[in-house]
Amino acid sequence: MSGVGPISQDWEPVVIRKKAPNAAAKKDEKAVNAARRAGAEIETVKKSNAGTNRAASSSTSLNTRKLDEETENLHHDRVPSELKKAIMQARLDKKLTQAQLAQMINEKPQIIQEYESGKAIPNQQIIGKLERALGAKLRGKK
């Protein structure tokens, strides 16, 4: 390439800049506080339905009317008195505390307390565990 003329460089300078802040960055707490310190005007707008679930509350009037018209008294089944007495008697025969029995069947002591007081909603799996742990038949004849 010798003798072809003056060597010139035709590169253009490249300037690397940070992106301008997007809308989310303008709304963050640091940016808002910085704008307040600088004395800039800050506009706040309250959203009309912020924090509400419109889809869930849109059809409540229909469901509410159905519930109001319902006359049947609904409630959960509770542990029958025969079952709670049988659990308590079998536990006392084995000389176990409620906590020890609960640990044997991998349940919380509160579960045993609820069954023996009659407050629990009967669960056949738990009753089955109790039958195996106590070695007694608690449910009706099979």
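Me: Hey, which residues does Glu-116 touch, not counting residues up to four places away in sequence?
Reply: Glu-116 touches Lys-84, Ile-87, Met-88, Arg-91 and Gln-98, where contact means heavy atoms within 4.5 Å. This is a predicted model, in which local features need pLDDT of at least 70 and side-chain atom pairs count only at pLDDT 80 or more, while totals for chains, interfaces and linings use all residues. Residues are numbered from 1 along each chain as its sequence is written, and side-chain values use heavy atoms, with hydrogens and water left out.

Me: Thanks! Is Glu-116 buried or exposed?
Reply: Glu-116 counts as buried because its relative accessibility is 7%; buried is under 20% relative accessible area, exposed over 50% and partly exposed in between, with a 1.4 Å probe and protein chains only. Glu-116 sits in helix 7 (residues 109-117). Helices are DSSP runs of H or I with at least four residues, strands are E runs of at least two, and both are numbered from the N terminus.

Me: Which side chain makes a polar contact with the side chain of Glu-116?
Reply: That is the side chain of Gln-98, at 2.7 Å. A polar contact is a pair of N or O atoms within 3.5 Å; within protein, one must be able to donate a hydrogen and the other to accept it, and residues adjacent in sequence count only if both atoms are side-chain atoms.

Me: And where is Arg-91?
Reply: Arg-91 belongs to helix 5, and at 9% relative accessibility it counts as buried. Leaving aside neighbours within four places in sequence, Arg-91 contacts Leu-96, Thr-97, Gln-98, Leu-101, Glu-116 and Leu-134.

Me: New topic: at what angle do helix 5 and helix 8 pack?
Reply: Helix 5 (residues 81-93) and helix 8 (residues 124-134) pack at about 30°, with their axes 10 Å apart. So helix 5 is roughly parallel to helix 8. Axes are lines fitted to C-alpha atoms, for helices over the stretch in contact, and angles run from 0 to 180 degrees between N-to-C directions. Angles under 35 degrees count as roughly parallel, over 145 as roughly antiparallel, 65 to 115 as roughly perpendicular and the rest as oblique.

Me: Which residues in helix 5 and helix 8 meet?
Reply: From helix 5, Leu-83, Ile-87, Ala-90 and Arg-91 meet Ile-127, Leu-130 and Leu-134 of helix 8.

Me: Last one: where is Lys-95, and what is its phi?
Reply: Lys-95 is in the loop between helix 5 and helix 6 (98-104), and its phi is near 55°, a positive value in a residue other than glycine. Lys-95 is exposed, with a relative accessible area of 72%.
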